[in-house]
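Dear colleague,

I am handing over the structure below, and my notes on it follow. Please read them with the coordinates open.

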Amino acid sequence: MSEFDLIVGQDKALTILNAFLGNATIPHALVFSGLEGTGKMAAAKAFAMACNCSAAQTGDDSLDAHAPPGKVALPACGRCRPCKKIKSANHPDILHLKPAGDTIKVKQIRDLLDTMALKPFEAQTRVVILEDAQTLNPSAGNALLKALEEPPADTLFILTTGELSDLMPTIVSRCQHVRFRPLAQAVVTEALATTKGIPAADAALAARLSGGSLARAEHLAAADWMHYRRWLLEQTAALTTATPGMLLALAAVIAVRKNRIPDTLAILKSWFRDLLVFKQAPDKLINRDMQALVQQAARKETAESLLKKINALDTVSRRFTGSANIRLCLETLLLKLART
Ligand SMILES: [Zn+2]
């Protein structure tokens, strides 16, 4: 999975972070919440840079010109030694923890606490980034809580998570919260077109499907994925007349793209959502390029049946962890989606 090293469309979050830096009231712990691909990790890195940038510490005025006109940026030069080291993930005092497998384990937190017992090697502010902190298992969470209760000097924790409610309330209560909102479609479209060179029509379609996540939009805009989406939706349009054997075969094909199941579910959801909105607002379609097929398929459904199908998709999306029996799960789902 590629990491989009961009923070776009998050002026509100960056303004809050800038205020911490400007008032020199940097909290001991921050939580960045928001969808994957909305800039949380990039912002965590940029904030670590701003806390340690040599130019920022000498009050270099040129930093103010760093942000493009009309945009908010964090005050880090990106060129000094600390900035470069943090950018390339080579700074000894910027500690980055992420799940080992499905969870962040207590051993990882204990190792972290041991490292933190030492003085920082060279940083002004040591920054500990805990990526996907919702995966902290309970004992790891409790070990971390001790550190948050008695924060070491000159150390900043940044936790990232999807939803704030996925974290232990005792952890949340010790952190300042910064929310990263889903990105506007126009922001995603522009970022894909300008930084990835994706044709405008594909970029716009991927943006509509992405739910405001740049990372997801990037996957969806890839040429092979565009092709897959069209194929998948053509099969989906024909589900109501498919034989049970065809449904099982389709589940098997989808299950092969295991690490892209969330994207597949998003595409399926966009389809049934389109069938639902088509009668009222045909101009609001996500899958505009397939309007004729949407129109045809919409005739076979009632609002009630569509809502049931969208619900079934939501349930699978929420429960999907990557470790469940994917194929069986998809088979059951497709049987529900094929019902009229
Ligand atoms: Zn710098």
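In this predicted model, V127 stands opposite L156 in β4, and β3 and β4 run parallel, joined by five bridges; two strands count as paired if DSSP finds at least two bridges between them. Helices (H or I, at least four residues) and strands (E, at least two) are DSSP runs, numbered from the N terminus. Residues are numbered from 1 along each chain as its sequence is written. Because the model is predicted, local features need pLDDT of at least 70 and side-chain atom pairs count only at pLDDT 80 or more, while totals for chains, interfaces and linings use all residues.

Strand β4 (residues 155-161) is also joined by five bridges to β1 (residues 29-33), again in parallel, with A29 opposite F157. Six of the seven residues of β4 are buried, so the strand is largely enclosed by the rest of the structure; buried means that 20 or more other C-beta atoms, placed from the backbone, lie within 10 Å of a residue's own, exposed 12 or fewer, and partly exposed in between.

Within β3 (residues 126-130) lies I129, which counts as buried because it has 23 C-beta neighbours inside 10 Å. Leaving aside residues up to four places away in sequence, I129 touches A44, L95, H96, L97 and I158, where contact means C-beta atoms, placed from the backbone, within 7 Å. I129 and H96 are 33 residues apart in sequence, yet their C-alpha atoms are 4.7 Å apart in space.

Elsewhere, V106, Q108, I109, R110 and L113 in α5 meet S139, A140, A143, L144 and A147 in α6.

Best regards

Conventions. Two residues are in contact if their C-beta atoms, placed from the backbone, lie within 7 Å.
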